[in-house]
Amino acid sequence: MTAHDASPRPESPRPESPRARKRADAERNIEAILDAGRVALSRDPDASIGEIAKAAGVGRVTLYGHFPTRAELVTAVVQRALAEAEETVDRIDLTGDPRDALHRLIAGSWSLTADAGALLAAAEQALPAEDVRAAHDGLLARATALIERGRAEGTFRTDLSSSWLASVLHSLVHCAATEVAAGRLSVEDAADYIGATALSSFTPPG
């Protein structure tokens with residue numbers, strides 16, 4: 001036997017087990033359902049399970065196998081969208097001048113926040129009110145922290161509460177999304193409009 005003959009031969013790849021294939025198929029189906037649910041519910045908060053299943057390319061039985069109720073599906077779609085939005089906000093630099101940071105926050109997140117808000121319209125119909133309120137908390141907390149820093153530095157007004165100013169910003173974002181959807185505001189101008197209106201509201205009087 002030569003040295004070449006004695007060298008170990010590479011093992012042939014083992015065929016994927018039926019269980020692994022089934023798990024991979026299930027994961028693909030879940031992703032397809034969540035993607036379809038996000039699109040459908042953003043367009044129509046009343047979108048049916050049948051419409052979402054069709055858009056995902058799966059049967060109703062398959063969809064119900066992963067999400068036994070419509071409320072569970074809506075919850076999963078909203079939570080994933082909000083998690084993606086929070087990851088995006090986490091990457092935004094909110095240091096430096098609070099006014100500049102506010103512009104960066106708006107420019108980097110307004111469309112994601114608006115998208116999440118459209119999904120929350122569906123959530124309001126399917127989920128308990130306390131769950132819907134909790135869904136806003138992560139994104140609102142970042143805006144509130146920035147506003148509080150601006151107040152402490154004398155950049156933003158202190159005669160109105162931080163929570164009120166954060167709610168004003170939240171409302172402006174969803175107002176912009178409505179105007180964009182109606183064709184009265186361009187996507188390119190939305191962040192500037194939100195920022196200009198927010199700053200005029202946040203600037204100390206006088």
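Predicted model: local features only at pLDDT ≥ 70, side-chain atom pairs only at ≥ 80, totals over all residues.
Local features are described where pLDDT is at least 70, side-chain atom pairs count only at pLDDT 80 or more, and totals for chains, interfaces and linings use all residues. Residues are numbered from 1 along each chain as its sequence is written, and side-chain values use heavy atoms, with hydrogens and water left out.

View 1. From the N terminus on, the order of elements is α-α-α-α-α-α-α-α-α. Helices (H or I, at least four residues) and strands (E, at least two) are DSSP runs, numbered from the N terminus. Of the 206 residues, 36% are buried (under 20% relative accessible area; exposed is over 50%, partly exposed in between, with a 1.4 Å probe and protein chains only). Take the contacts (heavy atoms within 4.5 Å) between residues at least 6 apart in sequence: 67% of them join residues at least 24 apart. Carbon and sulfur atoms hold 53% of the accessible surface of about 12,000 Å², computed by the Shrake-Rupley method with a 1.4 Å probe.

**View 2. Helix α2 (residues 18-43) meets helix α3 (residues 49-56).** Their axes come within 8 Å and cross at roughly 125 degrees; axes are lines fitted to C-alpha atoms, for helices over the stretch in contact, and angles run from 0 to 180 degrees between N-to-C directions. The two helices are therefore oblique to each other (under 35 degrees is roughly parallel, over 145 roughly antiparallel, 65 to 115 roughly perpendicular, and the rest oblique). On the α2 side, look for Ala32, Ile33, Ala36, Gly37, Ala40 and Leu41, and on the α3 side for Ile52, Ala55 and Ala56. This set holds 8 nonpolar residues, 1 polar and no charged (Ala, Val, Leu, Ile, Met, Phe, Trp, Tyr, Cys and Pro count as nonpolar, Asp, Glu, Lys and Arg as charged, and the others, Gly among them, as polar).

**View 3. Helix α8 (residues 162-181) packs with helix α9 (residues 187-202).** Here the angle is about 155 degrees and the axes are 10 Å apart, which means α8 is roughly antiparallel to α9. Among the contact residues are Leu165, Leu169 and Val180 of α8, and Ile194, Thr197 and Phe202 of α9. The contact counts 12 nonpolar residues, 2 polar and no charged.

**View 4. Gly59 in the loop between α3 and α4 (60-66).** Gly59 is partly exposed, with a relative accessible area of 35%. Its C-alpha atom lies 9.9 Å from that of Ile49, 10 residues apart along the chain.
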